[in-house]
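Subject: A structure for you to explore

Hi there,

Here is the structure I promised to pass on. Have a look around it first, and then read on for what turned up.

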Amino acid sequence: MRRLITNADDFGLTCGVNRGISEAHARGLLTSATLMATGAAFEDAVRTAGEHPNLSVGCHIVLVDGTPVSNSGRIPTLVSNSSASFRHKISSLAIGNMLGKIDEDEIEAEAMAQFRKIQSAGVTISHFDTHKHAHMLPAVLRALLRAAKQCGIPAVRNPFGPRRTFFTAELRFRPQLWKRYLQVNALRAYYPGFQSAVREAGLATPDGSLGVISTGSMDLATFRRILQSLPDGTWELVCHPGYNDEDLSRVTTRLRESRDQERRLLTSAAAREEVNRAAIELISYRDFVVRQT
């Protein structure tokens with residue numbers, strides 16, 4: 001049996017992103033979304049979540065390219081020396097971690113602050129993932145799992161994809177994806193440790209994720225090939241639907257026109273037909289957690 005969780009990242013980034021997520025859920029294939037506790041449109045996202053009780057809402061933990069919930073003085077190893085913001089690039093966090101300059105306790109404290117802010121707004125958190133997939137890094141993962149257990153979060157994204165996907169055969173036609181493919185493939189060395197850590201923490205996680213490599217390039221043809229290559233089990237499709245509007249122009253993100261494209265894809269009859277043709281069951285993270293108990 002093949003099951004697919006369709007999850008939108010960046011819930012709360014802008015009102016246009018929230019609107020895109022709302023439409024992709026109400027009129028399309030989207031089953032879940034992860035909310036940014038410090039997103040500029042956080043309150044609007046909370047209201048939107050309340051209007052869609054069947055939308056499974058998780059937490060999109062931000063440790064890079066954003067601002068913390070905690071006072072920056074309490075998490076000095078996580079913020080930039082020149083500001084109260086996180087480092088801009090995931091590579092900077094990774095290097096800091098390798099050099100022993102990142103305090104795991106600070107990661108745990110900040111994650112708990114983000115979880116608690118969302119829970120205090122009345123949202124039940126079904127799962128969590130991270131901005132830029134930071135929880136691929138073992139030290140980050142350990143701290144986040146501790147925070148998740150303390151806050152009662154039952155599931156976490158498995159950011160690793162199947163070893164072989166259609167991309168290995170088609171990358172020659174999409175040279176812009178080569179760099180991302182090589183980066184993701186290199187990080188796969190962390191996969192065994194991820195499985196072990198999540199299992200020991202007692203959290204649920206799907207068999208893996210798809211769409212990470214194609215982020216920013218998702219179209220109907222790519223979506224079709226992902227469905228065709230989907231192995232048995234429960235997998236997550238990572239999505240970024242939204243509206244490329246004036247609010248988004250004020251946000252630092254490489255995903256602009258692609259958010260419109262993904263919103264149209266997820267609400268299209270053609271995409272729905274592809275799911276039906278492939279006999280894939282769409283489920284939410286909430287459904288997934290219930291089936292694990």
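One thing to keep in mind as you read is that this is a predicted model. Let's begin with helix α2, whose buried residues pack against β1 (2-11), α1 (15-26), β2 (32-35), β3 (56-61) and α4 (104-120). Which residues of this helix are buried? Helix α2 covers residues 42-51, and the buried ones are F42, D44, A45, V46, T48 and A49. While you are looking at F42, find K117 as well: K117 lies over the face of F42, at 4.7 Å from the ring centre.

You can see another arrangement of this kind elsewhere in the chain. There, R263 lies over the face of Y243, with a distance of 3.7 Å from the ring centre.

Next, the aromatic rings. How many aromatic pairs does the structure hold? There are 4. In one of them, F160 and Y191 have ring centres 5.3 Å apart and planes at 50 degrees, so this pair is tilted. If you are wondering about the label, planes under 30 degrees apart count as stacked, over 60 as edge-to-face, and the rest as tilted. F160 sits in the loop between α5 (138-151) and α6 (167-170), while Y191 belongs to helix α8 (residues 191-201), so the pair ties together parts that are 31 residues apart in sequence. Both F160 and Y191 are buried.

F160 also forms an aromatic pair with F194, and this one is edge-to-face, at 5.6 Å centre to centre and with 65 degrees between the planes. This pair links distant parts of the chain too, since F160 is in the loop between α5 and α6 and F194 is in helix α8, 34 residues apart. F194 is buried, as is F160. Put together, ring pairs link F160, Y191 and F194 into a cluster.

A search of the whole structure finds 2 cavities of 30 Å³ or more. The second largest cavity holds about 40 Å³ of space. Its lining is made up of M218, F223, L237, V238, C239, E262, L265 and L266. Both β6 (233-239) and α11 (257-266) supply at least two residues each to the lining of this second largest cavity. By residue type, that lining divides into 7 nonpolar, no polar and 1 charged.

Is K101 buried or exposed? K101 has 54% relative accessibility, so it counts as exposed, because the cut-off for exposed is over 50%. You will find K101 in the loop between α3 (90-98) and α4. Leaving aside residues up to four places away in sequence, K101 touches T77 and G96. K101 and V69 are 32 residues apart in sequence, and their C-alpha atoms are 20 Å apart in space.

L248, in helix α10 (residues 246-249), has 0% relative accessibility and therefore counts as buried. With residues up to four places away in sequence again left out, L248 touches L13, T14, V17, Y243, T253, L255, R256 and R259. Y243 is the residue whose ring face has R263 over it. L248 and C15 are 233 residues apart in sequence, yet 8.8 Å apart in space, C-alpha to C-alpha.

Enjoy exploring, and send me any questions you have!

Best wishes

Conventions
Residues numbered from 1 in each chain as written. Predicted model: local features only at pLDDT ≥ 70, side-chain atom pairs only at ≥ 80, totals over all residues. Heavy atoms only, no water. Buried < 20%, exposed > 50% of the residue type's maximum accessible area, 1.4 Å probe, protein only. Helix = DSSP H or I, 4+ residues; strand = E, 2+ residues; numbered from the N terminus. Contact = heavy atoms within 4.5 Å. Phe/Tyr/Trp six-rings, centres within 6.5 Å; stacked < 30°, edge-to-face > 60°. Lys NZ or Arg CZ within 6 Å of the ring centre and 35° of its normal. 1 Å grid on protein atoms, 1.4 Å probe; cavity = no way out; pocket = protein on both sides within 12 Å on 5 of 7 lines; lining within 4 Å. Points joined across faces, edges and corners; volume = space filled by probe spheres on them. Nonpolar A, V, L, I, M, F, W, Y, C, P; charged D, E, K, R; others polar.
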